[in-house]
Amino acid sequence: MIISNGCMQDKKLLALGFSTVLIEEIRKKSLSLTGLRGISQTALARMGFSERDAITIRDRVSRKPIPSNIVDRIIFETGGVCCYCANGNHAQPFQIHHINDYASSRDHSPTNLMLVCPTHHVYIHQSKVSSKEQQEIKRAWTSMWELASQYVAKGLTFPFGAFEYIDYSIPGSVTDIFSFGPAKPQMCEKLAEGPLLQNALGILYDQNKILITGDSGSGKTTLSLALSAKVDNSKVYRYWVGEKGSAETMQEVLTFLSFAIKPIVLIIDDASSKIVDSHIEKILGFAQNDKKLVVVSAKQDLSIDSRLEQRVAGLVFPVTWSALQLTVKENMQRHEHVILGYLKSKGLNTYNGRRIGYALADTKFSEVLDSYATGTNTVWQFIFMLASGKEVLKRRLAELYDRGRLDLMVMFLGVNHIATGEQGASLADIHDFYRMHPYFENQSQPSSEWLNAQLDQLTQWGMIRRNRDRYNLAHRMLALNFLELSYTGDKLNTDLLLDMFFAADRPARQVLILWSWLRDTVIGSYVSKWIASLSPNQWKQLTDQVMDEGLMWLNVMTIMLSGFSEVLGHVLKDRGEAVANIIGKQGKGRLNDFIQLSTPFKNNAPDSWQALLQKLDQKKFYQLILHAKAWELYNLDSLFNVIRELGYTSWILSFTGQFSKSDFKYMASRLDKGDVQAFSGLIKFWRRFVFDISVGEFVEYMAFVPKILKGSDIKDYRFDFHHRGYSEIMSFPELIDKIMEELDPDQMAREFVSLTPDHWANVLLLSYLSEYGQHRAIADFMFKIDLDRLIQNIEIYYLDHLHGFRLMIYQLTYDKKRRKEIAVRLRPLVDRAVQKSISQGYKEHEDMLYAFKEIDAPWVDDYCFHRGILLKQHKKFIGDDNDGLKTNAFYLKDLDLDGLMPANKISVGDPGS
């Protein structure tokens with residue numbers, strides 16, 4: 001209900017603390033404020049007011065009113081909407097509430113006033129909500145309304161519930177994290193403080209945007225909140241991805257950015273669950289100095305081929321446990337007293353049967369931290385172990401069991417959270433669960449009031465969270481752990497719940513996601529039985545639904561059915577024509593998905609290929625390849641190799657006859673900066689399946705490589721490890737020198753010291769290539785590197801990226817001038833890395849020691865002798881024999897520019913034709 005400026009009495013009553021409901025009742029009875037002051041409580045009751053309202057009227061009319069200008073200000077700041085409901089509903093009743101009770105404070109100042117609906121007014125008083133929490137709620141809503149009001153002014157609808165204001169003034173406690181949900185924003189800033197945070201901040205300030213990636217539970221959300229807090233003079237908002245499609249979601253975000261006037265940071269959490277790569281790229285393109293973007297993207301365990309991280313390589317910041325470990329342990333150590341006090345209060349301060357504490361016989365807290373840090377893979381698992389998570393969940397499970405089997409409802413929310421991502425379950429979904437689960441078959445259905453009360457309680461416990469009026473568990477890892485515990489204790493009802501989600505009427509995408517999460521857990525036995533239980537006809541129906549989602553999801557399905565060859569045969573049988581119809585369709589038939597499916601089809605349903613190739617529209621397929629994205633060219637030749645191996649060489653020659661030599665130049669000109677790997681894929685395909693090329697054409701084509709590298713950052717560099725497709729370049733030192741001329745050693749040195757492990761080998765292939773030319777770009781680059789900063793950066797990541805560390809060692813062999821210094825700095829790191837590799841049963845330490853031997857052979861020999869490590873002869877990172885890299889070098893020297901390069905193109909007479 002909106003109070004009209006023209007209705008002076010309404011405003012006066014509002015200033016006295018009346019609710020708009022009661023004001024409306026007074027208006028209906030044609031009573032004036034002066035008249036109310038002279039009417040007794042008894043008389044008011046006779047006039048039809050309830051006893052409660054009569055008492056309120058008598059109390060309020062004797063108050064000193066809130067000044068009119070302050071009433072206007074409160075309504076303006078809140079939009080006439082309850083700060084607790086925060087839903088933009090101007091029609092619902094409200095009143096002005098004193099945060100610190102008026103009876104004791106007599107405080108009418110704006111900071112002590114907030115707008116609430118009658119329901120929440122009762123809630124505040126009955127629940128004795130602290131003034132501090134009320135202030136938090138008020139700040140969150142007024143900050144949101146500041147933006148929402150701009151939508152309203154333009155006649156647009158603001159997506160209430162989609163955006164959340166992040167309030168860093170709320171202190172929180174380190175023990176909040178033991179609820180298994182995220183810590184308070186201010187505490188996130190303290191927990192993440194360290195070199196990792198500073199590295200991420202460098203990207204955000206430099207680019208105005210950052211893409212934080214990592215596995216579930218890796219600490220992405222914590223880092224995003226900590227990072228955003230460091231941006232000066234900016235308000236921080238978080239966008240919750242909902243159930244809308246990718247395009248709608250993108251538009252919702254872009255509209256929000258266009259209306260943001262003051263400097264902001266927008267966190268987009270779990271972006272990859274709903275937003276496709278191209279739309280994420282478009283959103284990132286809208287970042288500005290005063291509108292910074294922090295996009296959080298979970299690494300999927302579905303093996304879905306996404307190239308977003310490669311396309312925006314300079315923005316990517318991967319979060320790993322090894323990188324966070326030291327920072328988290330140090331921050332936990334700083335809060336040792338508080339944490340131990342919390343664990344003691346909960347009866348959880350034991351480790352391996354011994355108390356954790358300060359006494360001589362106690363286990364030291366630092367020892368517990370070290371032990372859990374070593375035995376876990378994510379920050380979430382570490383916190384879970386430190387908080388005795390399994391014991392806490394067991395207690396909570398027992399408590400929920402005794403409260404009308406609420407454990408089953410929580411389990412439903414957890415499974416739904418995993419299957420649908422951040423979409424969550426609505427109240428209607430929860431009602432459906434109670435109707436459908438056999439356990440509740442003969443019981444009365446719960447009321448919405450009862451359910452809301454239980455959901456509120458679970459929210460207070462930190463087990464669930466609510467966004468957009470939908471419910472999820474606090475974290476997907478919590479959902480998985482709760483589900484595993486439930487499966488162990490009550491397999492029957494857990495199976496019945498899972499049957500609901502693996503039913504034929506469930507969206508195929510949800511089934512695949514849930515399948516991928518459960519297959520390697522204790523619940524994997526259920527998944528295996530489910531796979532075995534489906535008939536060929538049921539597999540056909542499921543595959544039909546999967547193919548409606550697109551080839552990417554069919555590819556996911558084939559990956560998860562590895563090991564079930566008979567089932568995979570049923571899935572792919574007679575699917576050739578259907579696949580051909582999907583190839584090239586917008587959003588469903590990407591070229592790369594077809595490439596990845598080619599091998600499963602070859603191995604499990606080779607007969608499908610004939611129908612596929614007959615149905616495939618060659619002209620459309622030619623256009624699809626001609627305009628392919630760079631990353632789709634990496635393995636293009638592998639698709640045609642499969643077709644050749646199946647005996648369809650004639651089809652290949654017929655199809656590739658559509659290409660002209662100008663097509664190569666067109667395709668090469670469209671490659672992304674730095675992506676020489678895509679060039680390698682293109683030229684491999686071209687020389688093998690399209691044209692034989694002359695030496696002159698080879699030289700002409702190789703001129704694209706320096707163009708691709710020009711102006712690129714190190715993070716953009718991507719090379720095929722064997723320079724396949726153009727390995728003969730080793731015979732052309734002048735071409736190599738032209739490539740090296742495009743490098744900027746100073747810029748490369750600045751960038752190299754802060755690279756994350758996925759980029760540590762980005763210069764390695766260039767370095768190797770430089771050995772065959774005369775240019776000194778690589779030598780200059782290596783000598784300009786700040787070793788102190790580089791070693792500090794390596795120390796953050798290397799223990800969790802042993803393979804990357806080995807490649808980094810090889811890269812450092814190219815610093816000839818400082819080899820002794822590098823050897824001394826790397827020895828302790830190599831020692832720790834070798835110990836980890838051995839303790840976890842890896843073989844990486846042998847390759848690592850062989851690499852380090854090129855820098856410090858005497859130390860490696862002595863190290864191996866004293867530890868009984870026998871090093872076999874290893875090849876270098878791309879092979880000591882350089883097979884392919886010097887192919888026909890002697891032959892090429894004798895050819896003129898018109899002579900053909902060594903024969904490579906297939907012919908009808910090839911095996912398999």
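A disulfide here is a pair of cysteine sulfur atoms within 2.5 Å. The views below come from a predicted model, in which local features need pLDDT of at least 70 and side-chain atom pairs count only at pLDDT 80 or more, while totals for chains, interfaces and linings use all residues. Residues are numbered from 1 along each chain as its sequence is written, and side-chain values use heavy atoms, with hydrogens and water left out.

View 1. The structure holds 0 disulfides. Take C117: its closest cysteine sulfur belongs to C82, and at 3.7 Å that is too far for a bond. C117 has a relative accessibility of 7% and so counts as buried (buried means under 20% relative accessible area, exposed over 50% and partly exposed in between, with a 1.4 Å probe and protein chains only). C864 is another buried residue, with a relative accessible area of 7%.

**View 2. Y237 meets F256.** Searching the whole structure turns up 51 aromatic pairs. For such a pair, rings of Phe, Tyr and Trp (its six-membered ring) must have centres within 6.5 Å; planes under 30 degrees apart are stacked, over 60 edge-to-face and the rest tilted. With ring centres 5.5 Å apart and planes at 75°, Y237 and F256 are edge-to-face. Because Y237 lies in strand β5 (residues 235–240) and F256 in helix α13 (residues 246–259), their pair ties together parts that are 19 residues apart in sequence. Helices (H or I, at least four residues) and strands (E, at least two) are DSSP runs, numbered from the N terminus. Y237 is buried at 1% relative accessibility, and F256 is buried at 0%.

**View 3. F659 meets W686.** This edge-to-face pair has its centres 5.7 Å apart and 80° between the planes. F659 lies in the loop between α36 (649–656) and α37 (661–669), and W686 in helix α38 (residues 676–689), so the pair ties together parts 27 residues apart in sequence. Both F659 and W686 are buried.

**View 4. Charges over rings.** Here NZ of Lys or CZ of Arg must be within 6 Å of the ring centre and within 35 degrees of the ring normal. The charged end of R405 sits over the ring of Y439, 5.0 Å from its centre. K661 lies over the face of F691, 5.5 Å from the ring centre.

**View 5. Helices α21 and α26.** Helix α21 (residues 406–420) packs with helix α26 (residues 508–518) at about 110°, their axes 7 Å apart. Axes are lines fitted to C-alpha atoms, for helices over the stretch in contact, and angles run from 0 to 180 degrees between N-to-C directions. The two helices are therefore roughly perpendicular (65 to 115 degrees; under 35 is roughly parallel, over 145 roughly antiparallel and the rest oblique). V415, I418, A419 and T420 of α21 make the contact with Q510, I513, L514 and W517 of α26, where contact means heavy atoms within 4.5 Å.

View 6. Most residues other than glycine have a negative phi. A86, though, has a phi near 45°; it lies in the loop between α6 (68–78) and β1 (95–98) and is partly exposed at 26% relative accessibility. S388 has a phi near 50°; S388 sits in the loop between α19 (379–386) and α20 (389–402) and is buried at 18%.
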